[in-house]
Amino acid sequence: MLKYLAKRIGRSLITLVIILTIVFCLLRLMPIEGYFPNFEKMTPQQIQVGLDEMGLNDPLPVQIFRFYKDLLHGDLGTSRIYRANVPVTEILADKVPVSIKLGVLSMIVSLLIGIPMGALMARYKNRFFDKLGTLFIVCIQAVPAAVYYLYIQLYGTQILDVGLLFDINNPKYWILPVLSMSLGNIAFYGMWLRRYMVDESNKDYVKLAKAKGLSEGKVMFKHIFRNAFVPLAQYIPTAFLNTVIGSIYIESLYSIPGMGGLLVTVVKKHDNTMVQGIVLLYACVGVLGLMLGDILMVVLDPRISLGKKEGDR
Amino acid sequence: MMKQFSYRHTKEADLMKSMEETLDKQVNMSDEEKFSFAEFNEKEVERSGYSNYSYWRSTLQAFLKNRVAVALLVMLVLLLLFTFIQPYLPNQYDPNLIINDENGMQYRNVPPGDQFILGTNSIGQDLWARIWSGTRTSLFIGLSVAIAEALIGITVGVLWGYVRKLDFILTEIYNIIDNIPNTIILILISYILKPSVKTLIFAMCLTGWIQMARFIRNQILIIRDRDYNVASRCLGTPTSKIMVKNLLPYLVSVIMLRMALTIPAAIGNEVFITYIGLGLPVDTPSLGNLINEGRALITSAALRYQLVYPTIILSFVTISFYIIGNAFSDAADPKNHV
Amino acid sequence: MRNKKFIAMMLCTVMAVSTALTGCGNSGKTTGDGESSSSAVYRELYSSESSTLNYLVTSTIVEQVAGANCIDTLVEYDSDGQLKEGLATEWSYDEATLTWTFKLREAKWVDNTGKEVADVTAQDFVDALKYQLTPEYESANVQNLFGVIANAEEYYNGQVYKGGADEDGTTWKEIDFSEVGVKAVDEHTLTYTLAKEVPYFISSLVYVVYMPAYGPQLEELGKEFGTAADKMYYNGAYYLAEFAPQERHVYKKNTLNYDAANVFIDEIQNIYNSEAATIGPEMVKRGEIDYAEISADLLDDWLSNQDTANLVSRARPSTSYSYFYCFNFDPQFDEEYEPDNWRKAVNNENFRKALSAGLDKTKEVAVLEPSTPEDYILTTVTPFDFAYNADGKDFTTIGAVADLGDTFDEVKAVEYKDAAMQELKAEGVTFPVKVLMPYNPSTVNWDKECQVVEQQMEALLGTDFIDIIIEAGPTDNFLTEVRRSGKYAFMKCGWGADYADPETWTDPFYQAAGESGYDAGYKYAFLANAITEGTATAAAVQEYFDKVDAAKAITVDTNARFEAFAEAEAVLIEHALVVPFSITVSPYIATKLDVFEAQYAPFGVSKLRFKGQHLQDTYVSMDQYEANKAK
């Protein structure tokens with residue numbers, strides 16, 4: 001077990017290094033404008049001085065080596081354009097908490113609504129509630145988030161009698177962003193839990209349990225739900241970590257100072273040090289999420305063993 | 001966007017599970033088919049011992065039972081046909097034509113009515129023509145991505161599953177690509193290359209194929225060492241023939257499902273990329289472009305039609321593909337063949 | 001099994017810790033609610049974030065807002081565009097107008113809480129200039145000092161080349177900063193020494209390059225100066241109380257400012273919203289903000305709707321920015337757009353004239369300004385109401401440019417086309433000529449303009465003659481990737497005045513002849529290529545360059561100088577080397593400010609200042625706007 005963990009972590013680290021190296025090299029291919037906020041009006045001398053100072057005239061391997069050396073010291077470099085001369089870590093430290101707070105709230109809401117919804121839909125399969133739920137799921141999937149978020153904001157603020165923009169200190173202002181963010185995930189959890197439960201309820205052991213005379217409700221929750229929840233649980237750590245990334249739509253609409261549009265912004269602004277920092281964060285989230293998901297699944301379901309799963313995720 | 005990707009992935013994991021179960025049940029039938037290729041002359045005798053169950057016919061029958069899916073399929077096909085016919089109908093405007101009135105001024109923001117079925121936009125272009133042209137572009141992107149992913153994915157996947165030497169390398173590549181969030185790749189590629197239909201398709205295919213390949217590879221690992229394949233190998237059947245004849249047929253329904261789900265995902269991605277400002281130029285109408293232009297006008301009730309109509313089409317296409325894809329995967333499950 | 005329990009615990013701990021972490025972190029920030037209702041708070045959305053507050057290095061307007069409102073300049077403009085005293089109470093210059101002496105008033109530096117930290121002295125101006133002339137700080141504005149302040153270029157390049165030679169072979173020796181033409185004679189006396197006679201020097205003092213900064217702080221912070229609200233000091237009408245990037249900027253009135261009596265808005269809140277264009281108008285309807293731009297798309301609906309019709313007015317017309325269509329004489333675009341074919345075509349005067357006469361400017365401007373597009377059309381590159389000669393005559397009514405009419409002429413366009421086709425066919429040019437017209441997708445409505453132009457010109461001149469190809473360029477670095485690299489054929493370009501003299505309008509086109517060929521300049525149309533390649537256009541371009549040289553040489557007699565520049569500009573337009581287009585269309589806005597109360601000057605940072613404006617209770621209507629304008 002521990003051996004497996006060590007191996008798994010080692011592999012994840014290697015993956016991270018490769019991803020970072022690829023992105024690092026890709027970024028060096030982009031035009032050098034990216035390093036200078038005022039490139040348009042700079043003289044060639046200024047540009048050369050700047051490039052030398054940043055060590056960008058060194059050969060690529062030297063740069064990569066330096067990048068990792070700094071990284072090991074926890075130094076992600078300083079932003080050049082997004083916020084000139086401010087350390088990347090400082091910028092991220094400001095933004096990440098906001099996104100996590102919002103994301104975790106939204107995750108709790110989606111689990112609290114989505115899981116019961118899915119369970120009820122499975123319990124009353126093909127009945128009215130199931131159909132209603134399906135309609136909701138289909139609509140949420142089909143209408144682009146960019147559109148329904150905007151409608152929710154315009155009408156929701158009128159109904160709740162709040163301003164259009166977010167106010168972090170007023171709980172009432174949290175309702176709409178959290179709700180909008182949750183809708184997609186509610187549909188997600190509801191849909192999959194229903195499906196897993198329906199699949200599970202066709203299995204022999206369930207039939208046996210029913211034949212034994214166990215009540216419908218007891219079978220549903222003691223047997224079906226517990227088994228059906230395992231595959232969903234695998235997704236939860238990733239979803240949790242993904243809250244770091246934020247929601248570009250929600251944060252833009254409500255002026256929430258989170259991570260949402262940050263990657264897009266810095267890519268467009270050619271702020272390479274920022275891009276590297278964010279890619280590192282994203283990749284960590286992805287790698288760690290998968291790992292935790294696997295582990296959580298094992299914890300929840302003793303029948304699954306990690307050693308066997310390795311290499312065939 | 002993350003949402004759509006995860007839907008797709010979970011769907012596949014789920015499907016994989018059911019495929020494995022399915023395969024166990026299908027073995028008998030499959031053996032029968034395969035052995036018939038080995039030129040046994042007592043075919044008549046063999047056949048009499050089985051019912052005339054056909055997997056594909058049953059799948060079709062099961063699918064046809066799902067009325068909603070069939071209705072949507074018919075409508076989707078009609079819609080697809082109409083996007084191609086529309087430009088050739090009489091009295092159609094060019095989607096990029098700016099229409100001027102008698103005084104030479106543009107028909108700006110004309111609401112839907114007699115002259116313009118769905119109204120005009122703020123520089124006097126016909127929304128009806130733009131929506132159909134946009135649907136064409138978006139469907140084209142969706143289909144291209146689906147087909148490209150399928151082609152590359154299947155080829156690599158079959159090799160990956162069958163050629164053991166490739167396994168290590170491809171698994172590592174998979175681990176890397178799978179761990180880079182798709183958002184980053186989409187943004188970087190759309191940014192580095194100039195915005196165009198080709199770029200978008202390229203960016204979306206760049207990582208999508210590996211999922212498909214992984215999928216195929218896992219299926220092949222499951223089927224590869226089944227008895228009939230071992231038998232085929234022993235009889236000296238060339239690898240290529242085993243791949244094409246013995247393995248691929250099992251994967252068709254999986255592949256179809258994946259393609260059906262890829263199309264709406266690709267269209268959704270196009271909307272996202274346009275939203276962040278890296279989308280297609282305006283003279284190439286697409287659903288993403290139209291929705292994005294429409295969003296800016298949402299605050300004026302009188303102009304909202306410019307947002308609503310493209311959204312309806314997009315939603316319809318998305319719903320249709322999801323429901324048809326799901327119905328098809330259900331139908332492909334032999335448990336439902338009674 | 002035990003292991004599994006351990007891992008489960010670990011997982012729980014990780015989650016608990018991270019949830020706890022998210023719990024704190026935001027407790028420190030307050031939004032500035034609960035202000036007493038009597039103070040005037042102005043709220044506005046913005047969608048483009050400043051990357052720095054350091055006014056000494058930035059050249060973008062967005063980033064100069066902080067400097068404009070928080071730092072006082074030596075002189076200021078009033079709302080009529082008249083120069084008046086600022087930090088300097090009086091100034092004088094020597095006979096040769098090379099040495100300028102300014103007497104400074106008493107003023108204070110305050111920090112980001114409004115607390116006094118130091119006195120403003122003449123040395124602060126010297127230190128600020130030295131900071132900009134230090135290559136390490138990458139100031140984008142040093143070019144504005146070169147050739148103006150004595151020895152500025154020498155000092156700067158000396159540090160870069162350290163006695164070595166640049167690409168052109170000029171050697172730059174290191175010199176001492178004391179040789180640069182700026183001196184603090186005493187605490188309240190400042191002198192600038194100029195490198196040459198600069199007629200527009202006093203007007204350029206309102207630009208960020210001549211702003212002061214507290215010396216000891218510059219010394220201490222170096223590159224970090226201006227990266228946060230507490231990393232700079234303020235001496236202007238406002239101080240920056242909060243600078244939370246992509247969140248909000250809060251400016252508060254600086255009560256210690258000498259002119260505080262003329263500052264009527266107590267607090268300015270700029271709130272970040274990347275969807276400001278969509279959300280802003282809605283917020284105006286609900287009265288949640290005091291300013292928003294109303295795009296041309298929404299305008300018809302707003303004007304026709306009773307509730308909103310009275311909320312819309314306009315921004316003050318700006319005559320410091322001019323748009324024109326450039327022909328590219330050095331096509332570097334992809335083979336598929338046939339650059340060689342274009343090169344031949346563009347050097348034919350009739351071809352250029354056909355395009356010039358065939359462009360219906362009114363129609364294109366109508367995309368941005370549907371009601372009165374003709375008010376914005378230009379017949380010259382230099383905008384009207386920009387510069388006046390000694391007799392008060394507007395530059396565009398002087399000499400050779402006075403007679404230029406609208407270039408658009410359907411009949412003539414077709415005549416030129418026929419002539420051009422005949423001549424060019426003989427040269428082996430293939431028709432239709434592909435005309436690559438890129439646009440920047442992030443510039444609102446430029447895409448639509450291009451579509452209008454394509455359709456209008458192709459309809460008039462015929463698709464047998466030209467094939468306009470619209471292409472979306474990259475959203476960022478558009479100018480570098482497209483215009484400067486010559487990847488266009490015929491494109492709308494713009495230029496903003498750097499100072500109050502017609503010379504500023506020759507900068508985009510004029511290329512100085514150096515030893516190693518023509519200076520690439522700002523890389524607009526690459527006119528000099530016509531000369532180096534010896535094409536049919538060479539004579540016209542040479543004539544233009546010569547006339548600009550002649551005009552620049554006249555420094556004392558303003559009237560003669562203006563006339564000479566007018567003559568040069570006429571050459572440019574008559575030979576259709578450039579097609580004049582329009583001034584900036586002043587956007588439709590919803591605002592609670594009277595735009596005519598604000599400081600006004602066609603250049604510098606005056607326009608960005610809030611000083612002197614009153615926050616009204618209601619949004620300005622069109623009628624009020626007209627009334628304010630008449631005042």
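The legends below describe a predicted model, in which local features need pLDDT of at least 70 and side-chain atom pairs count only at pLDDT 80 or more, while totals for chains, interfaces and linings use all residues. Residues are numbered from 1 along each chain as its sequence is written, chains are lettered from A in the order in which they are written, and side-chain values use heavy atoms, without hydrogens and water.

View 1. The side of chain B that touches chain A draws at least two residues from each of several helices, including H1 (2-37), H8 (197-224) and H10 (239-275). Helix H12(B) gives the most, with nine residues. This side divides into 22 nonpolar, eleven polar and ten charged residues, where Ala, Val, Leu, Ile, Met, Phe, Trp, Tyr, Cys and Pro count as nonpolar, Asp, Glu, Lys and Arg as charged, and the others, Gly among them, as polar. In total, 43 residues of chain B are in contact (heavy atoms within 4.5 Å) with 48 residues of chain A. The buried area, which is the accessible area (1.4 Å probe) lost on putting two parts together, summed over both, is about 4,300 Å², and carbon and sulfur atoms give 66% of it.

View 2. Chain B contains twelve helices and zero strands; helices (H or I, at least four residues) and strands (E, at least two) are DSSP runs, numbered from the N terminus. Of its 338 residues, 57% count as buried, a class that means under 20% relative accessible area, with exposed over 50% and partly exposed in between (1.4 Å probe, protein chains only). Pro90(B) lies in the loop between helix H4 (67-85) and helix H5 (127-162) of chain B. Its relative accessible area is 62%, so Pro90(B) is classed as exposed. From Pro90(B) to Gly119(B) the C-alpha distance is 17 Å, at a sequence separation of 29 residues.

View 3. Strands pair if DSSP finds at least two bridges between them. Six bridges join E10 (residues 238-244) to E11 (residues 248-253) of chain C, and the two run antiparallel. Tyr238(C) has Lys253(C) in E11(C) as its bridge partner. E10(C) and E11(C) form a hairpin with three residues between them, and Gln246(C) in the turn has a positive phi of about 55°. E11(C) is also joined to E12 (residues 267-272) of chain C by five bridges, again antiparallel, with His249(C) opposite Asn270(C) in E12(C).

**View 4. Covered elements of chain C.** Six of the seven residues of strand E16 (residues 433-439) of chain C are buried. E16(C) runs parallel to E17 (residues 466-472), with seven bridges between them, and Leu436(C) stands opposite Ile469(C) in E17(C). Helix H3 (residues 122-132) of chain C is likewise mostly covered, with eight of its eleven residues buried; among them are Phe125(C), Leu129(C) and Tyr131(C).
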